[in-house]
Structures are given as C-alpha cells and as structure tokens.
Amino acid sequence: MLPKHKMNPKGKTVERIGTLITLAIILIITIAMFVVLKLWLTDISKWFILIPIGIGLIIGIYGLIIQPYYMYRNFRYDITNDEVNIKSGIFMIEESTIPMGRIQNVDLYEGFFMRKFNLASISLSTAGGNSGLKYLKVDIANEIKRSIQNRIDDNKDEYENEGENV
C-alpha cells in the first residue's frame with residue numbers, strides 16, 4: 001500500500017536554495033579560474049574554463065528542476081501504531097518499513113533555510129541505519145516525534161515488564 005502523506009511543497013524551494021548556493025560557489029571558482037588563467041597562466045588553453053561552467057550547468061539543471069520535482073513527487077510516508085513506512089528516491093525508488101520496536105532514537109532537524117519556511121526533518125535511528133522524514137511542517141514534525149517517542153517508551157516498558165515476569 002502506498003503511504004499517503006507527502007513532504008511539504010515548500011521543501012522544493014529549500015532544495016532549490018541549496019542548489020543556488022552551490023551554483024554561487026561554482027561561479028566564484030569559475031571567476032577565480034578565469035582571473036588566474038588571464039593574468040598568470042597565459043599559455044594554458046582557455047577551454048579549461050569550460051569545465052566548471054559545464055559542471056555548473058549540470059548541477060543547475062539537476063538541482064533546480066529534476067531533484068526538487070521528483071523528490072516531492074516520490075517522497076511519501078505513513079505512520080501506524082506498529083511501523084513507519086517511507087517511500088523515497090529520485091531515480092531508484094526505495095520503500096522501507098521500520099517497526100516501532102526497532103527505532104532507537106528520534107531526532108528533529110531544522111536547517112537555517114528550513115526554519116525560514118517553518119519546516120523540519122525527522123531522523124529515525126535503528127541498529128541497521130538511519131531513515132528520515134523530510135520537509136515536514138514544524139508542528140507536524142514535533143507531533144510525529146512525540147508520538148514515536150511515546151510508542152518507543154511504551155515498547156520499552158512492556159519489554160521491561162516481560163523481563164520481570166519471567
């Protein structure tokens with residue numbers, strides 16, 4: 001069954017801002033390369049400057065158009081009493097089911113630009129690795145975090161009580 005909840009549409013904007021920052025860094029590197037080639041290394045081919053321009057073009061197309069669209073389109077999650085279902089990916093779609101009893105830690109992350117758009121991400125840590133719910137509204141993320149932590153605490157209490165009865 002396909003999980004029903006999606007990431008917040010503002011997450012696409014946050015992804016695009018991150019790409020714009022990357023492109024700004026590439027632009028600075030390109031300008032620095034152009035200055036160095038023009039002033040000091042005159043015997044090196046000027047075609048060398050096309051490398052960062054090409055890389056910037058590829059990153060721009062991927063990071064501004066492809067990644068945000070498919071990330072929003074493909075990312076879904078659903079939380080039941082027993083498990084968390086996550087579907088994510090851009091080219092390779094991954095569907096994972098995490099039983100509540102396997103979750104060891106729940107972390108909430110708010111990046112600088114995420115805070116500006118009132119978004120947060122949740123990281124679910126298990127013995128097998130980490131999974132996450134990305135770009136949720138902060139109030140929904142806090143509610144999900146509390147809910148999962150309460151279920152984890154309830155499972156620990158049940159496990160401890162079973163150990164006492166044995």
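The following legends describe several close-up views of one predicted protein model.

Residues are numbered from 1 along each chain as its sequence is written. Because the model is predicted, local features need pLDDT of at least 70 and side-chain atom pairs count only at pLDDT 80 or more, while totals for chains, interfaces and linings use all residues; side-chain values use heavy atoms, with hydrogens and water left out.

**Figure 1. The protein chain as a whole.** The secondary structure comes to 4 helices and 7 strands; helices (H or I, at least four residues) and strands (E, at least two) are DSSP runs, numbered from the N terminus. Read along the sequence, these elements follow the pattern β-α-α-β-β-β-β-α-β-β-α. Of the 166 residues, 30% count as buried; the term buried stands for under 20% relative accessible area, exposed for over 50%, and partly exposed for values in between (1.4 Å probe, protein chains only). The chain exposes about 11,000 Å², of which carbon and sulfur atoms supply 58%. Accessible areas come from the Shrake-Rupley method with a 1.4 Å probe, and for residues only the protein chains shown count as cover. Among contacts with a separation of 6 or more, 50% are accounted for by residues 24 or more positions apart; a contact means heavy atoms within 4.5 Å.

**Figure 2. Helix α1 and its cover.** Helix α1 has 30 residues and reaches 44 Å from its first C-alpha to its last, close to the 44 Å expected at 1.5 Å a residue. The expected span is 1.5 Å times one less than the number of residues in the helix. Buried residues of α1 are Gly-11, Val-14, Glu-15, Thr-19, Leu-23, Ile-26, Thr-30 and Leu-37. An α-helix has 3.6 residues a turn, so residues three or four places apart point the same way. The cover over the buried residues of α1 includes α2 (50-74), α3 (112-116), β6 and β7 (129-137).

Figure 3. Leu-27, Ile-31, Phe-34, Val-35, Val-36, Leu-39 and Trp-40 make a nonpolar surface patch of about 700 Å². Patches are made of residues with over 30% relative accessible area and no salt bridge, where like charges are joined within 9 Å and nonpolar side chains (Val, Leu, Ile, Met, Phe, Trp, Tyr) within 5 Å. A salt bridge is a side-chain nitrogen of Lys or Arg within 4 Å of a carboxyl oxygen of Asp or Glu. One of the patch residues, Phe-34, is found in helix α1 (residues 10-39). Phe-34 counts as partly exposed because its relative accessibility is 46%.

**Figure 4. Surroundings of Leu-119 and Asn-8.** Leu-119 lies in strand β6 (residues 119-126) and counts as buried, because its relative accessibility is 0%. Leaving aside neighbours within four places in sequence, Leu-119 is in contact with residues including Asn-8, Gly-11, Val-14, Met-114, Tyr-135 and Val-138. The C-alpha atoms of Leu-119 and Ile-140, 21 residues apart along the chain, are separated by 9.2 Å. Asn-8 lies in the loop between β1 (5-6) and α1 and is buried, with a relative accessible area of 13%. Not counting residues up to four places away in sequence, Asn-8 touches Tyr-72, Leu-119, Tyr-135 and Lys-137.

**Figure 5. Pairs of aromatic rings.** A pair of aromatic rings is described by the distance of the centres and the angle of the planes. Rings of Phe, Tyr and Trp (its six-membered ring) pair if their centres lie within 6.5 Å; planes under 30 degrees apart count as stacked, over 60 as edge-to-face and the rest as tilted. By this rule the count comes to 4 aromatic pairs. The rings of Tyr-62 and Phe-91 are stacked, because their centres are 6.3 Å apart and their planes stand at 25 degrees. Tyr-62 lies in helix α2 and Phe-91 in the loop between β3 (83-88) and β4 (94-99), so the pair ties together parts that are 29 residues apart in sequence. Tyr-62 is partly exposed at 30% relative accessibility, whereas Phe-91 is exposed, with a relative accessible area of 63%. The rings of Phe-112 and Phe-113 have centres 5.1 Å apart and planes at 80 degrees, so this pair is edge-to-face. Phe-112 is partly exposed at 48% relative accessibility, and Phe-113 is partly exposed at 31%.

Figure 6. Asn-118, a residue other than glycine, has a positive phi near 60 degrees. Asn-118 is placed in the loop between α3 and β6 and is partly exposed at 42% relative accessibility. Tyr-135 is not a glycine either, and its phi is positive at about 50 degrees. Tyr-135 belongs to strand β7 and counts as buried at 9% relative accessibility.
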